[in-house]
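The following exercises concern the protein chain shown below. Each task is followed by a solution in steps.

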Amino acid sequence: MDDRLQAQFNDQIALEHASERAYLQMAAWAEAHDFSGSAAWLRDQASEESTHAAMFIDFVLDRDGEVRLQALDAPDADFDTLLDVFRAALGHERRVTASIGALYATAHEVRDFASLPLLTRFLDEQVEEEASVSTIVGELAMVADDPSAVLMLDRELPGRRAAEGG
Ligand SMILES: [Fe+2]
Ligand SMILES: [Fe+2]
């Protein structure tokens with residue numbers, strides 16, 4: 001595998017692990033603030049990110065590349081509201097989308113066409129992730145001044161995830 005592409009795959013593995021930790025931290029905030037539905041949703045999200053990292057690791061190994069895990073910064077832990085949490089999640093997903101796009105561009109540039117199907121799959125996945133988080137942000141923004149509505153939305157989130165099959 002091309003050196004630059006391999007380095008970028010390793011960066012992506014680190015970003016997926018950073019995403020896992022970001023969501024675990026958000027889940028801890030949610031649990032501590034009695035938003036148990038959001039906590040469950042965020043924890044599921046964290047385990048999905050762990051799966052993504054594993055998929056990238058497997059891919060690099062399948063291509064006889066070298067996997068190098070990286071040191072990670074502590075995730076953001078300070079949030080004012082549940083809306084802040086999901087806004088942070090949306091910002092994070094957008095960074096991941098940009099990163100996978102950059103990976104796709106490099107794969108194309110170095111003519112590593114074998115990487116493209118995996119990356120296309122992840123780009124599709126990011127469209128779904130951004131859409132579902134963006135919907136939650138929109139809904140929480142709508143009811144932000146009404147604690148009982150925020151609580152109802154919170155309690156509904158785990159079921160929504162099951163319905164999406166995510
Ligand atoms: Fe991911
Ligand atoms: Fe994600």
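**Exercise 1: Two helices in contact**

The axes of H1 and H3 come within 10 Å of each other and cross at roughly 170 degrees. (Axes are lines fitted to C-alpha atoms, for helices over the stretch in contact, and angles run from 0 to 180 degrees between N-to-C directions; helices are DSSP runs of H or I with at least four residues, strands are runs of E with at least two, and both are numbered from the N terminus.) The model is predicted: local features need pLDDT of at least 70 and side-chain atom pairs pLDDT 80 or more, while totals for chains, interfaces and linings use all residues. Residues are numbered from 1 along each chain as its sequence is written, and chains are lettered from A and ligands numbered from 1 in the order in which they are written.

Task: State how H1 is oriented relative to H3, and which classes of residue form the contact.

Solution. 
1. Residues in the contact include Met 26, Trp 29 and Ala 30 of H1 and Leu 82 and Val 85 of H3, where contact requires C-beta atoms, placed from the backbone, within 7 Å.
2. By class, there are 15 nonpolar, six polar and one charged residues. (Ala, Val, Leu, Ile, Met, Phe, Trp, Tyr, Cys and Pro count as nonpolar; Asp, Glu, Lys and Arg as charged; the others, Gly among them, as polar.)

**Exercise 2: The core**

Solution. 
1. The chain has five helices and zero strands.
2. Its largest nonpolar core has 34 residues. (Such a core is a set of buried Ala, Val, Leu, Ile, Met, Phe, Trp, Tyr and Cys residues joined through C-beta atoms within 7 Å; buried means 20 or more other C-beta atoms within 10 Å, exposed 12 or fewer, and partly exposed in between.)
3. Val 85, among the residues with the most contacts inside the core, touches Met 26, Trp 29, Ala 30 and Phe 79, leaving aside neighbours within four places in sequence.

Technical notes. Contact = placed C-beta atoms within 7 Å. Parallel < 35°, antiparallel > 145°, perpendicular 65-115°, else oblique.
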